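Dear colleague,

Please find below the structure that I am handing over to you. My notes on it come after the display.

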Amino acid sequence: MINSDHLSPQISSEELMGQFERWLIFPGTILNFGENCLHFASKCIFTCKLQVQIYIKMEKNKVILVTGASSGIGLLIANRLHDAGFTVFGTSRNPEKHRDKVPFKLLSLDVTSDQSIRNCITVLMSEVRTVDVLINNAGGLLAGSVEETALEQAYNQFETNFWGSVKMTKAMLPIMRNQRSGKIIAISSLIGLIGVPFNSYYAASKHALEGFYKSLRLELRPFNIKVSVVEPGFFKTNIDRGAEYGNENITDYENTRKKVFRFFSESLAKSPAPGPVADVVLKIVNEKSPKYNYPVGARTRLLPAIQFFSHNLFENGFLKRAGLE
Ligand SMILES: NC(=O)c1ccc[n+]([C@@H]2O[C@H](COP(=O)([O-])OP(=O)(O)OC[C@H]3O[C@@H](n4cnc5c(N)ncnc54)[C@H](OP(=O)(O)O)[C@@H]3O)[C@@H](O)[C@H]2O)c1
């Protein structure tokens with residue numbers, strides 16, 4: 001006979017609860033640990049989400065100044081950046097004329113006037129504390145043979161396309177250097193890389209920009225100021241409508257001048273809207289370490305490469321396409 005009293009001794013209810021609690025201690029600790037882990041993970045996720053939100057908000061709060069934002073490439077760039085959520089300030093020589101048509105703030109600026117540049121920066125800095133990106137887009141076209149174009153016209157081309165860009169950069173540098181951050185994006189041109197007849201001064205002003213920004217980029221590295229140039233090919237804008245032409249007509253140039261002008265106006269008429277240029281600028285703005293140059297548009301990589309490989313090949317190709325053979 002088995003003595004059941006020996007196998008199951010009588011215990012009090014308190015002792016029974018004590019044993020039960022001891023049994024529960026181990027799994028309870030695991031449960032507790034698991035719960036703490038979950039709590040910690042959810043806290044981490046929340047903190048990460050918050051940090052990402054703050055980062056996105058900081059990025060979107062970036063202040064961007066686009067010169068020449070009343071028309072063409074500059075207008076599209078400013079609209080694209082505004083739509084992406086950035087704080088955009090555009091400029092125009094006649095802001096009142098365009099203010100109602102654009103969703104971003106339009107400041108008054110003539111890049112050929114030192115006083116206008118000073119005023120523009122003063123107005124901008126009264127509204128914001130930092131300037132994160134300067135986009136030097138303002139520019140115009142002077143076309144004509146060298147001999148038919150007055151030097152005064154050539155100086156004016158440089159005042160706008162080269163010195164205007166340089167002066168805006170110089171005005172912005174103390175602000176960006178103090179911030180120890182910033183981006184300067186210059187709208188150069190395919191014609192800043194290749195030679196084309198009857199555009200010598202325009203080409204020279206854009207080639208000058210290339211040399212300037214290529215050098216400046218290295219100079220500004222220690223201050224975390226990134227410099228890039230965009231090199232568009234042909235895009236449909238108002239550049240031809242606002243273009244200036246050589247003020248003299250010399251009969252010897254008549255035939256070639258007509259052919260080259262026709263070639264350029266047909267190329268511009270067939271060209272697309274400058275959306276791709278705005279896309280490239282948005283990409284540069286978002287990039288942590290942008291490259292130096294961004295060719296954009298048809299044959300903008302091919303033509304400089306052909307010219308680099310063989311000037312003869314490039315020149316013969318151009319003369320053929322322009323009907324000058
Ligand atoms: N279209 C192309 O195929 C092409 C190709 C390569 C490079 N680019 C370059 O792209 C840039 C923009 O040209 P776009 O084609 O867009 O021509 P656009 O439609 O004529 O626009 C030119 C812009 O520059 C501004 N501007 C002109 N002179 C100025 C000055 N003295 N001070 C301040 N702003 C001035 C104009 O503003 P306000 O008149 O309102 O002042 C306008 O907003 C230029 O640098 C041009 O060289 C154009």
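Predicted model: local features only at pLDDT ≥ 70, side-chain atom pairs only at ≥ 80, totals over all residues.

Residues are numbered from 1 along each chain as its sequence is written.

The protein contains eleven helices and nine strands; these are DSSP runs numbered from the N terminus, helices being H or I of at least four residues and strands E of at least two. Of its 325 residues, 32% are buried. A residue is buried if 20 or more other C-beta atoms lie within 10 Å of its own, exposed if 12 or fewer, and partly exposed in between, with C-beta atoms placed from the backbone. Among contacts with a separation of 6 or more, 71% join residues 24 or more positions apart; two residues are in contact if their C-beta atoms, placed from the backbone, lie within 7 Å.

The ligand has 30 residues around it, of which Gly68, Gly72, Arg93, Gly139 and Thr237 come nearest. A residue belongs here if its C-beta atom, placed from the backbone, lies within 6 Å of the molecule. The shell divides into ten nonpolar, 18 polar and two charged residues. Helix H3 (72-83) and helix H6 (151-179) each supply at least two residues of the shell, and H3 gives the most, with three.

Val131 lies in the loop between helix H5 (114-127) and strand S4 (133-136). Val131 is buried because 21 other C-beta atoms lie within 10 Å. Beyond its neighbours within four places in sequence, its contacts include Val63, Leu65, Leu124 and Ile175. The C-alpha atoms of Val131 and Ile175 are 7.3 Å apart, although 44 residues separate the two along the chain.

H5 and H6 pack at an angle of about 40 degrees, with their axes 11 Å apart. The two helices are therefore oblique to each other, a term for angles that are not under 35 degrees (roughly parallel), over 145 (roughly antiparallel) or 65 to 115 (roughly perpendicular). Asp114, Ile117 and Ile121 of H5 meet Lys167, Met168 and Ala171 of H6 in this contact, whose residues divide into four nonpolar, no polar and two charged.

Yours sincerely

Notes
Nonpolar A, V, L, I, M, F, W, Y, C, P; charged D, E, K, R; others polar. Axes fitted to C-alpha atoms, helices over the stretch in contact; angles between N-to-C directions.
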